[in-house]
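My entries follow the structure.

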Amino acid sequence: MRYLIDSNIFLFSVLDNGRLTNDTKSVIKDYGNNIYISSESVKEMIYLLQSKKITVKQWKKPEDVIDFITNGTGFEIKYVKEEHLRTLANLPFFSDHKDPSDRIIIAHAITEKIPLISSDKKFFLYKNSGLEFIFNEC
């Protein structure tokens, strides 16, 4: 099975901070699953590290985020393409969910027809737009 993980799920798994449900841990640890992370999430992690909003002992410099994903997790980066942007352009706009990074990650999952795992309750808003959403209640 294929899954796209949101930025928060990726960060929770890296920090091993107890915020992943047992179901989410099982999905991530199952070698039969393909776990993807959007390049938008990678961009977010780099920004958070550079702005000192997060500290991750394995990441000394921004490039370490990329190296960690490609060499240390078994996850695969899925890059944002034109078709994802077209889906984004057609997503409904909700006044209580304006985060542009979240919206492109959602569009990415919808376009690729990959279930998206996140702890963000606002992602439920996009189920009628074709999002297959798995909620990690932490």
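The entries below go from sheet to helices to pocket.

**Basis.** I am working on a predicted model, where local features need pLDDT of at least 70, side-chain atom pairs count only at pLDDT 80 or more, and totals for chains, interfaces and linings use all residues. Residues are numbered from 1 along each chain as its sequence is written, and side-chain values use heavy atoms, without hydrogens or water.

**Sheet.** I looked up the strand order first. Five strands form an open sheet, β3-β2-β1-β4-β5, with parallel pairing. Strands (E, at least two residues) and helices (H or I, at least four) are DSSP runs numbered from the N terminus; strands pair if DSSP finds at least two bridges between them. β3 (76–78) and β5 (133–135) are the edges: each has a single partner strand, so one side of each lacks a neighbour in the sheet. Neighbouring strands are turned by 35° against each other on average, direction ignored.

I then checked the pairing of β1. Strand β1 (residues 2–5) runs parallel to β4 (residues 116–118), joined by two bridges. Isoleucine 5 faces isoleucine 117 of β4. β1 and β2 are also parallel, over four bridges. There, leucine 4 stands opposite tyrosine 36 in β2.

**Helices.** Which helix does α3 pack against, and at what angle? α3 packs with α6 (residues 100–112) at about 155°, the axes 9 Å apart. α3 is therefore roughly antiparallel to α6 (over 145 degrees counts as such). Axes are lines fitted to C-alpha atoms, for helices over the stretch in contact, with angles from 0 to 180 degrees between N-to-C directions. Glu40, Ser41, Lys43 and Glu44 of α3 meet Ser101, Ile104 and Ile105 of α6 (contact: heavy atoms within 4.5 Å).

The largest pocket holds about 450 Å³ of space. Its lining has 24 residues, with Ser13, Ile28, Lys29, Thr73 and Phe75 closest to the centre. A pocket is an open set of points on a 1 Å grid over the protein atoms alone, where a 1.4 Å probe fits, with protein on both sides within 12 Å along at least five of seven lines; lining residues have an atom within 4 Å of a point. The volume is the space filled by probe spheres set on the points. α1 (7–15), α2 (22–29), β2 (34–38) and α4 (63–72) each supply at least two lining residues.

Definitions and conventions:
Angles under 35 degrees count as roughly parallel, over 145 as roughly antiparallel, 65 to 115 as roughly perpendicular and the rest as oblique.
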